[in-house]
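Trainee: Please take a close look at one part of this model for me. I would like the surroundings of a single residue, then a few others for context.

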Amino acid sequence: MPSGHLEKRSNKSYLIVIDTGRIGGKRTRITKTFRGNKRDAEAEMRRMITEIEQGTYVKPAEMSLGEYLEKWLADYVSVHPRPLTQESYVDIVRRHIIPALGNIPLAKLSPMHLQTYYAQKLKGGRLDGKEGGLSPKSVHYHHRILRRALGQAVKWQLIPRNVAEVVDSPKAVKREMVALSEEQLLDFLEKIEHSGYHDLIKFAAYTGLRRGELLGLKWEDVDFEAGYITITRELEWVRGQGLVFQEPKTPKSRRRVPLCKTALEILRKIRKEQAQDRLLAGGIGEWQENNLVFCQGLGQPIRPSNFSKQVKKLAVRAGYPDITPHSLRHTFASILLARGASMNEVQALLGHESYSTTADIYSHILPGTLEKTVKLLDSIQAT
C-alpha cells in the first residue's frame, strides 16, 4: 500500500512524497512539488495515492495531451457543464483534438502546436467526407475548449502555464441577426394560423424565450393570477440520453418573466385544449402526464429539432425563409427596444448573463440615440 507525507518548502509550497514500496529491494518514491496551502496539498496527495492504488496514475512529465484530455473529460467535464455541453466537448476532443495533437507530451505542448492545428482545421478539418475546412466559428470553439482544458491543467498543477492563452484563434464571423418587424410578425402569424404550431410560435415571439425554455415550460411554472412564468429548466436532446431536462443556460437564465395579455391568453387557450385532449385520450390512460405547457397530441415532449424544422417549413411557406426559433427571440427584443424599452430591461427579460451581450446584439436597433445625446449640448448657454 502506498503511503505519503508532505515536506514544507516555503509558506505556499510543499513537496508531496509518496512511498510506493520496494522493487528489487530498492525503495521507490513519487514526488511532486505542490504550490498552495497545506489542506490542498494533502487533498492532492490523497488523490495521487488513490490513482496509484487504482493503477491510473501517470506522472505529469510522461502524460500526453491525449491522456490528459481523457482525464479532463472524465474528472471535470462529466460533472461540470450541462449535458449538451458535455456532448459537444466529448465529440470535439475525441474526433478532432486528440487525433491531431494527442501524442504530444502535455508538458511540451507549445503555442505553435495550437496555431498549426487551427490553420489545418480551417483548411481541411471537415470529417463528414466533404472537402474543405471548418468555419472560423467552429475552430474558435475548439480553441475555447483547449483553453478551458489547459486552464484546468494549470489549476491541477500539471503544467506551469496555459499556452492557449497566447495563441490567436480565428475570429468567429458574426451572423446577421434576423428579426421580423411588427407588421411582418402579424403577417407571419396570420399565414400560419391553422398550423398546430401557431400558438407555440406566437408565444415565443411574445415572450422571447429560448427554444429549450419554451419546450421545458411546465404548468407549475405559470402563475396566472400574478401574470408571469418562472424559467427553471430547459428541454434538450442529448445523444445517448434522449430528451433531457436540464438547468437553464446561465444563472441569470433562471428568471421570472412577466407576460403580456396576449401571452396569457395563449396559455389559457392551451390549458383548455389540453383538458379536452386528456379526456379524449381516456383520462390518464393514453395521456402522458408530463405537465408540459407545449406538448404533442398525447402529452409527449416536443423534440427541439422537430420544432426548429416546423418553424423553418412554416416560415418558407409564409414567405419568410430566414426565420428560425431564435429569430422569434430576436423579434421580441427588437420590437421592445424600438418601442422604448431600455437595454437593461430587455437583458433581464432575455436572461442574458451580461449587459454587454444584449448591447452587442441589439445596439444597432436604436438609431439616432447618439445624435439625440450630443444635442443635449445645445442647452449650454453662454453667461
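Mentor: Start with valine 90, which counts as partly exposed because its relative accessibility is 27%. The cut-offs: buried is under 20% relative accessible area, exposed is over 50%, and partly exposed lies in between, with a 1.4 Å probe and protein chains only. This is a predicted model, where local features need pLDDT of at least 70 and side-chain atom pairs count only at pLDDT 80 or more, while totals for chains, interfaces and linings use all residues. Residues are numbered from 1 along each chain as its sequence is written, and side-chain values use heavy atoms, with hydrogens and water left out.

Valine 90 sits in helix 3, residues 83-101. Helices here are DSSP runs of H or I, at least four residues, numbered from the N terminus. Leaving out residues up to four places away in sequence, valine 90 touches Leu73 and Arg95. Contact means heavy atoms within 4.5 Å. Glycine 102 is 12 residues from valine 90 in sequence; C-alpha to C-alpha, the two are 14 Å apart in space.

Now serine 327. It belongs to helix 11, residues 325-338. Serine 327 is buried, because its relative accessible area is 3%. Beyond its neighbours within four places in sequence, serine 327 is in contact with Val178, Ala179 and Asp322.

Last, arginine 144. Its place is helix 5, residues 136-155. Arginine 144 counts as partly exposed, because its relative accessibility is 43%.

Methods
Helices (H or I, at least four residues) and strands (E, at least two) are DSSP runs, numbered from the N terminus.
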